[in-house]
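Open your viewer and keep the selection tool at hand. We will walk through this model one stop at a time.

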Amino acid sequence: MGGAGKKDSVLIIGGGTWGCSIALELARNGYGNVTVLDGEDVPSSIAAGNDLNKIMEEGSQSEDDTDVAYAWNRLHDLCTTAWLNDPIYKPHYHRTGYVMAASSDAAYKTLLEDISGHEHEYQKVESTEQFRSTMPKGVLTGDFVGWRGFAKSGGAGWVFARGAIIAAKREAEILGVRFITGQQGLVSELLFSDEAKRGEQKGALKQGSLQGVKSINGTVYHAHTTILANGANADGLLDLKYQLRPTAWTLAHIKMTPSEAGLYKDLPVLFNIEKGFFMEPSAETHELKICDEHPGYINPVYRESPLGKSLVQGQGDGDHEGEKIIIGSKPFPRQQIPLESEERVRAFLQETMPHLAPRPFSFARICWDADTVDRMPLIDWYTSEGNAEGGRLLLAVGGSGHCFKTMPAMGQVVLEFLGGQSG
Ligand SMILES: Cc1cc2nc3c(=O)[nH]c(=O)nc-3n(C[C@H](O)[C@H](O)[C@H](O)COP(=O)(O)OP(=O)(O)OC[C@H]3O[C@@H](n4cnc5c(N)ncnc54)[C@H](O)[C@@H]3O)c2cc1C
């Protein structure tokens with residue numbers, strides 16, 4: 001096996017946000033043997049990207065970028081170009097503007113750092129009236145006590161996330177990509193060569209090859225190149241040595257009447273970086289989505305500590321909690337959110353749109369994503385050489401709660417890894 005030709009087989013595990021983008025870009029660039037595996041029909045109910053909307057801010061590269069800024073700005077540059085121009089993505093980008101705010105001094109300092117160098121693009125928003133006037137009369141009825149922030153009418157907005165995934169999937173299929181979903185597509189195991197297993201024991205991961213991918217019904221798939229793009233669940237298939245932590249954030253919907261939905265159309269995104277965000281309601285269902293802002297939840301997986309309670313952090317083997325050591329986090333689907341999260345959503349509404357604060361939620365769910373240590377995506381070869389025993393494995397994971405916007409860029413970056421860039 002091995003090789004990088006466009007006729008070689010490519011298997012993508014996960015037909016979510018990045019999986020569909022990767023499938024589309026490979027097919028567009030002449031890869032003729034691409035298969036996507038997913039445990040559910042696309043878009044799957046557990047995909048982080050299967051959502052009404054996601055915040056999108058435009059960005060670009062600069063010659064002054066530091067090494068650290070380079071990677072993010074390159075992704076940002078590629079995805080901005082695609083959301084503005086690519087016929088598959090463009091219809092799903094609503095460039096309605098952005099109001100971002102903070103309540104504490106520390107968070108306001110973060111905002112100032114975020115917009116540093118771009119101050120001229122924003123207007124300061126500081127009083128109740130200034131906040132209210134960023135949207136049509138009757139939308140923002142709150143008092144915004146202690147809020148300070150910045151607004152811009154272009155250069156940002158939101159994307160219809162579910163729509164973009166469906167569009168990318170559909171086009172990929174038209175171009176010949178095969179989607180295998182359900183039990184046949186739900187991957188339960190990666191089968192490594194003996195050489196790779198020996199390398200892993202020594203801590204040297206990038207040796208050997210991937211012999212196959214096994215789905216839960218026992219089907220084994222073989223490919224020259226396999227791409228792991230199954231989001232929060234990647235950590236369950238591969239020991240990524242604490243580089244990836246499945247983390248859950250929360251979202252809730254409120255049903256609006258048709259006339260309210262009309263009033264709320266084309267709103268800019270409102271994001272208080274300490275409290276939460278919302279954008280306009282869905283044109284189809286008239287549901288308004290609200291996300292509360294918090295560091296995220298984990299579902300801890302423990303190992304008993306051999307040393308008992310006296311353990312301290314920083315020994316490189318996970319976080320410690322009492323006599324147990326947290327060695328990971330296991331995602332689980334749940335169309336429900338914690339009570340404290342509901343309280344945060346309602347407190348956020350009380351400050352922004354108190355007329356909606358008591359309204360019941362029509363839907364809520366915890367939404368899992370894969371968090372990395374620096375919140376940058378993890379895109380790299382795990383085993384980069386195919387051989388007689390098997391193929392190579394590329395990682396495309398680590399959305400870290402803010403990478404829907406990078407969807408179109410992911411396909412292009414993976415294409416570069418595969419050496420298939422056609423320009
Ligand atoms: C509440 C919330 C709000 C967010 N808001 C924003 C925002 O405003 N702006 C923004 O840019 N980003 C946002 N994000 C982040 C963004 O949604 C994610 O970073 C991005 O969608 C991750 O894409 P992905 O392809 O890695 O994972 P997903 O979209 O989750 O796709 C993973 C896919 O893998 C499949 N899968 C899982 N396990 C297996 C398996 N074993 N075998 C086969 N298939 C499998 C799943 O069914 C799914 O289809 C938000 C995330 C959350 C949770």
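Predicted model: local features only at pLDDT ≥ 70, side-chain atom pairs only at ≥ 80, totals over all residues.

Start by selecting the ligand and the 37 residues around it; Gly14, Gly16, Ser44, Gly231 and Gly399 come nearest. Residues are numbered from 1 along each chain as its sequence is written.

Next, colour the shell by class: 17 residues are nonpolar, 15 polar and 5 charged. Here Ala, Val, Leu, Ile, Met, Phe, Trp, Tyr, Cys and Pro count as nonpolar, Asp, Glu, Lys and Arg as charged, and the others, Gly among them, as polar.

Which element gives the most to the shell around the ligand? Select H1, which contributes 3 residues. Helices (H or I, at least four residues) and strands (E, at least two) are DSSP runs, numbered from the N terminus.

Now colour by domain. Domain 1 covers 10-93 + 161-243 + 373-418, and domain 2 covers 98-152 + 246-371; such bounds come from an automatic or database domain assignment. Each of the two gives at least three residues to the ligand shell. Their C-alpha centres lie 26 Å apart. Where they touch, 19 residues of domain 1 are in contact with 21 residues of domain 2 (C-beta atoms, placed from the backbone, within 7 Å). On the domain 1 side of this contact are 8 nonpolar, 8 polar and 3 charged residues.

Axes are lines fitted to C-alpha atoms, for helices over the stretch in contact, and angles run from 0 to 180 degrees between N-to-C directions. Residues to show include Leu24 and Ala27 in H1, and Ile165 and Ala168 in H5.

For another helix pair, select H2 (residues 67-85) and H9 (residues 407-418), whose axes come within 7 Å and cross at roughly 115°. Leu75, Leu78, Cys79, Ala82 and Trp83 of H2 make the contact with Met407, Pro408, Ala409 and Gln412 of H9. By class, these residues are 8 nonpolar, 1 polar and no charged.

Finally, colour by pLDDT, the predictor's confidence in each residue, from 0 to 100. The mean is 92, and 91% of residues reach 70 or more. Over residues 310-316, however, pLDDT is below 50.

Technical notes:
Contact = placed C-beta atoms within 7 Å. Near = placed C-beta within 6 Å.
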